[in-house]
Amino acid sequence: MKKAQLIIDKNFIVGEIDKRIYGSFLEHLGRAIYTGIYQPESPLSDKNGFRQDVLKLVRETAVPVIRYPGGNFVSGYNWEDGVGPKELRPCRAELAWGSTETNQFGLDEFIDWCKEANTEPMMAVNLGTRGADDARNIVEYCNHKSGTYWSDLRIKNGHKEPHNVKLWCLGNEMDGDWQIGHKTASEYGRAAHEAAKVMRWVSPDIELVACGSSSSGMDTFAQWEAEVLDHCYNDVNYLSLHTYYDNRDNDTQEFLCKSADMDSFISSVVSICDYVKAKKRSKKKIMLSFDEWNVWYHSSEKDKLCERWSQAPKLLEDEYNFEDALLVGSMLITLLRHADRVKIACLAQLVNVIAPIMTSDTGAWRQTIFFPYMHASVFGRGTALNTIIKAPVFESKKFGEVSLVDAVVVENDDENITVFAVNKDLDEDIEITCDLRQFEGFSVKEHIVLTNDDMKAINTEAAPNNVAPIHSAASKVEGGVLTATLGKHSWNVIRLGK
């Protein structure tokens, strides 16, 4: 059996884990909203039209924050269309995804839904077709107490108390020419600066996220970040990153190495932020918001068959398989290993659209990627320890030597510790050891494993537990040393405490 070692010291930390690193994302795209979280005509919904089966699964993930309403959608969105009496709300041609938007679910419904889901909103403003004026108005509607046009309109619409939205995105992927209102870095940096200025004049304690590159593969990557921050460094708290991975080549081992690209992407953006900090001689440190990340490619051919201008078409409905869950697990570990700078992250998206949760008219079920996401969110709160990994490597075609073990150790808020680990070896188990003598008296409370003999196995409504976690007895602590067997191609959660 191959062997690996995890080396930790409780005094050597990466950083405190912001719970918002386990955020998610809902966009007016496909069936994410309509027939996803909102379906008034369904017997599975409450009086507000909220799908109760979906809410149950969302609460299971303990998702702390949800980005809304986009995504590409936001760059052509008039948020006023989605407030007030529903019978007066206009239907619009939604250009980003070629659909018809009914606006029956809007800002106030989203805030109400967040309360039901025990989560917080992360709102995005339209800096594509609109700008600073729209940005200040929506903040006034959400956060001003009363006595102004927009705050009094919120009250008229049935919400006496302010929504108190604290986290705001300044547009979405403005570096991409697919974006409505696409801008150069200089144009966007100036627009972000002006929007941020008036938004903070309305609500001084909000936090703001500026758009970074849509991916590290953009021709303008690095230059975009540097120029945008040159304009708005003093105005924002976070810079965004987005990335999606695929296995179009059907090379599982290479696919599982792609978390190395995510790691490199984060490190590069940290360097750029710190370059601008040095250039401006600033004491302020910009943090990162990795507010779109996932696997995305399964639905590409089906998406071409969707009828243009239909309502809530079946777009981006990836059916996730077991190997996707392994990469999602490695990506979560990567985020945690950068917990000192990545303070917000959003798995894109939450329901139906490239999502861990799927629905039909008769129920909702967990996709394979649901489990590592849920495990990390529930068990990964606390402090990320600097986890050194000594393990066998795989020679990747694109990334060079990549460890066959991804792992991070978290010291939890309840003084327990959790080890998250992925064995990327497709053929062999790997035995890991970790010296835990600093955690005197600790033993293994549980060892959760997600594995499957079929790398392409999926969950469906008819077979919702085809890929599901099991409990393992393959871990123990003796003489203060943890020894655990990570089964071949497996996601592992080892929880330890007194």
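Here is a short walk through some backbone and surface features of this structure. The model is predicted, so local features need pLDDT of at least 70 and side-chain atom pairs count only at pLDDT 80 or more, while totals for chains, interfaces and linings use all residues. Residues are numbered from 1 along each chain as its sequence is written, and side-chain values use heavy atoms, with hydrogens and water left out.

Let us begin with the backbone. Most residues other than glycine have a negative phi, and most peptide bonds are trans. Thr35 is not a glycine, yet its phi is positive, at about 75 degrees. You will find Thr35 in the loop between β3 (23-25) and α1 (52-61); helices (H or I, at least four residues) and strands (E, at least two) are DSSP runs, numbered from the N terminus. Thr35 has a relative accessible area of 19% and is therefore buried, a word that means under 20%, with exposed over 50% and partly exposed in between (1.4 Å probe, protein chains only).

Asn164, also not a glycine, has a positive phi of about 55 degrees. This residue sits in the loop between α4 (149-156) and β8 (167-170), and its relative accessibility of 40% makes Asn164 partly exposed.

Next come the cis peptide bonds. One runs from Tyr68 to Pro69, with omega near 5 degrees, and Pro69 belongs to the loop between β4 (65-68) and β5 (92-94). Another joins Ala348 and Gln349, where omega is about -5 degrees; Gln349 lies in the loop between β12 (342-348) and β13 (357-360).

Finally, look at Asp413, in the loop between β19 (405-412) and β20 (417-423). With 62% relative accessibility, Asp413 counts as exposed.
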